[in-house]
Amino acid sequence: MKKNIEKILQYVQKPARYAGGELNSVVKNAEKVDIRYAFCFPDLYEIGMSHLGMKILYSLVNEREDSWCERVFAPDIDMEEQMRRHGVPLFALESGDYIKDFDMVGFSLMYELCYTNMLNMLDLAQIPLKSADRTKLTPLICCGGPCACNPEPVADFVDIVFLGDGEESTPAVIDLLKECKKNGDTKREFLLKAKDIKGVYVPSLYEDSYNDDGTLKELKPLFGAPEKVKKSVVSDMNKCYYPKEFVVPFIGIVHDRAVEEIFRGCIRGCRFCQAGFTYRPIREKSVETINEQSKALIKSTGYDELSLCSLSTSDHSRVNEMLSSLIDWTVKEKINLSLPSLRVDNFSDELVDKLNKVRRSGLTFAPEAGTQRLRDVINKNVTEDEVLNTCNKAFDNGWTAVKLYFMMGLPTETMEDIEGIADLAMKVVHAFYNNPNRQKGAGVQVSVSCASFIPKPFTPFQWEAQDSMESLKEKQRRLLEAIPSKKVKVSYHETPSSLLEGVLARGDRRLCAVLLDAWKMGCKFDSWDDKFNFDAWMNAFEKNGIDPCFYTRRKRPFDELLPWDHLDFGVSRKFLERENLKAYENKTTPHCRIKCAGCGANMLNGGHCDARD
């Protein structure tokens with residue numbers, strides 16, 4: 001570590017965030033590699049170190065002898081003050097070297113409210129913010145992650161965008177960059193070649209124009225760029241790269257445990273869920289692969305907890321066999337097995353029996369809406385009886401805490417639906433006290449968490465209007481009034497940050513100027529309530545003559561060109577339109593293993609979709 005960095009660590013609260021040197025971190029000789037890659041997570045160390053995507057790509061790149069991937073996180077306010085005061089540019093943890101001298105600087109965009117942190121990190125690194133102002137081939141600024149499905153609000157700042165599974169496209173980009181460096185190619189020459197890599201989008205090769213009413217008129221491809229950029233897809237999860245070891249932090253992080261991804265994609269088709277559509281088609285790992293990879297991670301990290309990662313753990317087609325095989329060795333080795341993302345409609349007696357063999361914790365389920373009508377609108381395919389039966393199974397077996405996830409602001413929602421959330425929560429409370437097998441002498445705790453619904457790209461609700469802040473606040477008040485018992489605790493999202501998330505989620509390139517001005521006005525760490533500056537954001541919108549409600553409150557017609565229509569995540573627009581219309585008829589669509597709905601995602605995998613096996 002450079003002495004000027006080491007010197008300032010004594011003045012910050014958590015120096016371990018910036019010191020590096022953790023178990024399993026990779027250190028190489030910088031003189032013996034061709035490509036240096038700074039993988040940046042635009043939030044604090046504790047959050048970024050919990051991100052599975054970073055763990056996978058960090059190890060994937062470092063498996064190559066010609067490349068070295070290092071980690072970079074957003075410094076907290078105290079560290080940033082010290083860095084700016086002492087003229088210390090943003091640096092990578094493994095070497096302490098400044099990332100302005102790296103070949104690639106990649107940002108994982110996990111949520112829209114981290115965009116200002118990306119700009120702040122570039123500025124701290126002393127790298128020009130706008131792609132047009134960076135004329136040299138390197139450093140190449142990239143981004144990927146869930147928000148990359150609509151990267152237009154950050155299009156001015158990045159050189160390339162990774163769409164889909166990074167395990168496929170990242171090595172191809174590194175190979176090309178290595179070749180272009182060797183040949184002395186310019187940045188423009190590199191970008192013109194990169195546009196032909198599947199899963200790589202080059203924003204500067206597209207030109208936007210707008211209609212008189214402010215809607216997008218055209219996003220015109222230039223210099224032979226594809227009209228539709230397809231995401232990259234890993235076809236076989238059993239053969240896909242997965243790390244044998246994770247970097248083990250010196251301090252506690254949000255998810256401080258070994259994580260095994262058991263499948264990618266989702267069979268369900270909930271109409272509000274972006275991940276459920278953008279990660280299609282579903283691709284499972286075999287039970288054998290899951291066990292082998294899990295054992296390797298526990299051995300290399302020393303963790304005593306293993307978490308299974310997917311959008312819906314209990315939807316693995318061999319879930320009971322998988323859990324039996326995992327429990328066989330985790331119980332013997334005193335490893336806690338964590339099973340997030342369980343469904344109430346497949347919480348079987350066999351699954352409960354398996355859960356009884358692992359450490360007891362609260363159970364979390366997501367009815368999402370308070371009435372059956374609204375659950376049908378969003379295609380949740382869960383009934384009230386299933387929720388109560390599942391809770392009773394849990395109470396039969398000693399559970400006393402249940403967390404229920406809901407949303408408010410959903411399309412067609414009424415106050416009756418809001419009151420339905422309170423009614424369902426109270427029915428769960430009554431189910432506990434009416435259960436003859438419940439844990440005697442214990443009380444029940446039902447936690448209700450309500451997120452504000454935000455329409456997202458590549459979902460059937462991508463055309464919908466977002467509920468206003470005033471309406472959401474009124475619904476939050478009504479929910480609190482409708483809860484008659486202290487056995488139910490309610491939490492909900494703040495509405496100003498939900499408004500901003502909604503704008504950035506479905507925005508176009510005109511928001512780049514707003515984003516830049518908001519950052520200049522001091523905006524950063526926008527997802528943290530104590531740092532979020534709503535007034536500064538509103539000033540940035542006003543300065544650029546943009547009404548944020550244009551992006552949120554307006555219902556969009558099917559024939560409107562959307563800012564992400566030139567990107568192909570596999571699910572067809574016609575399918576999303578059909579699902580939108582069915583929502584207004586309160587009609588559900590069966591999940592993929594019951595009947596194929598013809599979403600089109602199977603064509604990304606050579607016409608094959610594992611969900612229909």
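This is a predicted model: local features need pLDDT of at least 70, side-chain atom pairs count only at pLDDT 80 or more; totals for chains, interfaces and linings use all residues.
**Figure 1. Thr-371 and its polar partner.** Look for Thr-371 in the loop that runs between β15 (363–368) and α13 (372–377). Leaving aside residues up to four places away in sequence, Thr-371 touches Glu-416, Asp-417 and Gly-420. Thr-371 counts as buried because its relative accessibility is 16%, and buried means under 20%.

**Figure 2. Helices α17 and α19 cross.** Two packed helices are described by the angle and the distance between their axes. Here the axes of α17 (residues 495–505) and α19 (residues 534–543) come within 10 Å and cross at roughly 35 degrees. The crossing of α17 and α19 is left-handed. On the α17 side, the contact is made by Pro-496, Leu-499, Leu-500 and Val-503; on the α19 side, by Phe-534, Trp-537, Met-538 and Phe-541. Sorted by class, the contact of α17 with α19 has 8 nonpolar residues, with no polar and no charged ones. An α-helix has 3.6 residues a turn, so residues three or four places apart point the same way.

Figure 3. How many of the 11 residues of α17 are buried? The count is 10, so α17 is largely enclosed by the rest of the structure. The buried residues of α17 are Thr-495, Pro-496, Ser-497, Ser-498, Leu-499, Leu-500, Gly-502, Val-503, Leu-504 and Ala-505. Around them you can find their packing partners: α6 (115–124), β17 (445–452), α16 (469–482), α18, α19 and α20 (549–552).

Figure 4. In soluble globular proteins, nonpolar side chains tend to be buried together. The largest nonpolar core in this model has 119 residues, of which Ile-99, Met-104, Phe-107, Ile-160 and Phe-190 touch the most other members. Helix α18 (residues 511–520) gives the most to this core, with 7 residues. A second, separate core has 32 residues, including Phe-365, Ile-421, Val-446 and Ile-483.

**Figure 5. Cys-266 in its loop.** Cys-266 sits in the loop between β11 (263–264) and α9 (274–278). Is Cys-266 buried or exposed? With a relative accessibility of 10%, Cys-266 counts as buried. Not counting residues up to four places away in sequence, Cys-266 touches Gly-276, Arg-280, Ile-282 and Leu-311. From C-alpha to C-alpha, Cys-266 and Pro-42 are 27 Å apart in space, and 224 residues separate them in sequence.

**Figure 6. Two cis peptide bonds.** Most residues other than glycine have a negative phi, and most peptide bonds are trans. The bond from Thr-138 to Pro-139 is cis, with omega near 5 degrees, and Pro-139 belongs to the loop between α6 and β4 (140–144). The bond from Arg-280 to Pro-281 is cis too, with omega near -5 degrees. Pro-281 is part of the loop between α9 and β12 (283–284).

Figure 7. Lys-334 is not a glycine, yet its phi is positive, at about 55 degrees. You will find Lys-334 in the loop between α11 (319–332) and β14 (336–338), and its relative accessibility of 71% makes it count as exposed. Phe-525, also not a glycine, has a positive phi of about 50 degrees. Phe-525 lies in the loop between α18 and α19 and, at 3% relative accessibility, counts as buried.

**Figure 8. Asn-605 in the segment after α21.** Follow the chain beyond α21 (573–584) to reach Asn-605. Asn-605 is buried, with a relative accessible area of 9%. Setting aside residues up to four places away in sequence, Asn-605 touches Ser-235, Pro-281 and Arg-283. Asn-605 and Gly-570 are 35 residues apart in sequence, and their C-alpha atoms are 9.5 Å apart in space.

Note on methods:
Residues are numbered from 1 along each chain as its sequence is written. Side-chain values use heavy atoms; hydrogens and water are left out. Helices (H or I, at least four residues) and strands (E, at least two) are DSSP runs, numbered from the N terminus. Buried means under 20% relative accessible area, exposed over 50%, partly exposed in between (1.4 Å probe, protein chains only). Contact means heavy atoms within 4.5 Å. Axes are lines fitted to C-alpha atoms, for helices over the stretch in contact, and angles run from 0 to 180 degrees between N-to-C directions. A crossing is left-handed if the near helix is turned anticlockwise from the far one by less than a right angle, and right-handed if clockwise. Ala, Val, Leu, Ile, Met, Phe, Trp, Tyr, Cys and Pro count as nonpolar, Asp, Glu, Lys and Arg as charged, and the others, Gly among them, as polar. A nonpolar core is a set of buried Ala, Val, Leu, Ile, Met, Phe, Trp, Tyr and Cys residues joined through side-chain atoms within 4.5 Å.
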